[in-house]
Amino acid sequence: MYNPTVARLTYRALLGRRRAAILFVLPALLIVIAAAVRSFSGADDQVTADLLGGFALATMVPLIGVIAGTGAIGPEIDDGSIVYLLAKPVKRSTIIFTKLIVAIAVTMAFSAIPTLIAGLILNGNGQQIAIAYTVAALVASIAYAAVFLLLGTVTRHAVVFGLVYALVWESLFGNLVPGARTLSVQQWSLALAQRIGENGVISSDVGLPLAVVLLVGVTTVATWYAGLKLRTLKLAGEE
């Protein structure tokens, strides 16, 4: 199911000079803000949870997911170069699975690691807050990568729709509208963070069992449908 050649090409596309520069901006900003907050206010559990939840998990992780998920396949479909890959003797399900693994790996690397570093800077993992949010970022990375990879296969405006979801739904409605929180990857991953922390500082509007079901379900369905869309993509000359 995993193809090293497809993976290498995808990594090269995602970590090119321009895209890599964009990927580094938000993690670097998070760490700079964490260092500034720690120097001004000292170690504070609530401040740590607010920053990691409000910036890292609610903004940074989905935005990096947009870049990695849509960038893993969207540009190839947009410029037509995907036909060269589809013409190779590689199953289309293998292409999707490999690109998903790469998108997940990139999203995790550029979101979970900075989240852990920022948490350690802010309060030294007091109350397990840094670890809890790191695990949440890891889990959210999987779902975001799958959803945004799907967007890359179904629309040429994947980045726009991805940004709308990340900035409007997750960051705005997901934090302000109670009903919308149930349909938020952020809240699903927060349920795991809440269980790990168990400190009263981290909370989620979704129970852990439901959160796990939704995370697995959305990731599975998004991956399956992305594979289906790629299998139905016709090459020139195909009937």
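By class, the lining of the second largest pocket has 6 nonpolar, 2 polar and 5 charged residues (Ala, Val, Leu, Ile, Met, Phe, Trp, Tyr, Cys and Pro count as nonpolar, Asp, Glu, Lys and Arg as charged, and the others, Gly among them, as polar). This is a predicted model, in which local features need pLDDT of at least 70 and side-chain atom pairs count only at pLDDT 80 or more, while totals for chains, interfaces and linings use all residues. Residues are numbered from 1 along each chain as its sequence is written, and side-chain values use heavy atoms, leaving out hydrogens and water.

Let us stay with the pocket for a moment. Its 13 lining residues include Leu 9, Ala 13, Glu 76, Ser 81 and Lys 99, which lie nearest its centre. A pocket here is an open set of points on a 1 Å grid over the protein atoms alone, where a 1.4 Å probe fits, with protein on both sides within 12 Å along at least five of seven lines; lining residues have an atom within 4 Å of a point. The second largest pocket holds about 210 Å³ of space. Helix α1 gives the largest share of the lining, 3 residues.

Helix α1 (residues 4-14) packs against helix α6 (residues 92-123) at about 40°, with axes 9 Å apart. Helices are DSSP runs (H or I, at least four residues) numbered from the N terminus; axes are lines fitted to C-alpha atoms over the stretch in contact, and angles run from 0 to 180 degrees between N-to-C directions. The pair is therefore oblique, whereas angles under 35 degrees count as roughly parallel, over 145 as roughly antiparallel and 65 to 115 as roughly perpendicular. Among the α1 residues that meet α6 are Val 6 and Tyr 11, where contact means heavy atoms within 4.5 Å.

Next come α3 (residues 45-71) and α7 (residues 129-154), which pack at about 25° with axes 8 Å apart. These two helices are therefore roughly parallel to each other. Leu 52 and Val 61 are among the α3 residues that meet α7, whose partners include Tyr 144 and Phe 148.

Finally, α10 (residues 185-197) and α11 (residues 208-231) cross at roughly 135°, their axes coming within 9 Å. Trp 188 and Arg 195 of α10 take part in the contact, as do Leu 215 and Val 218 of α11, among others. By class, this contact has 10 nonpolar, 1 polar and 1 charged residues.

Key
Grid points are joined across faces, edges and corners, and a volume is the space filled by probe spheres set on the points.
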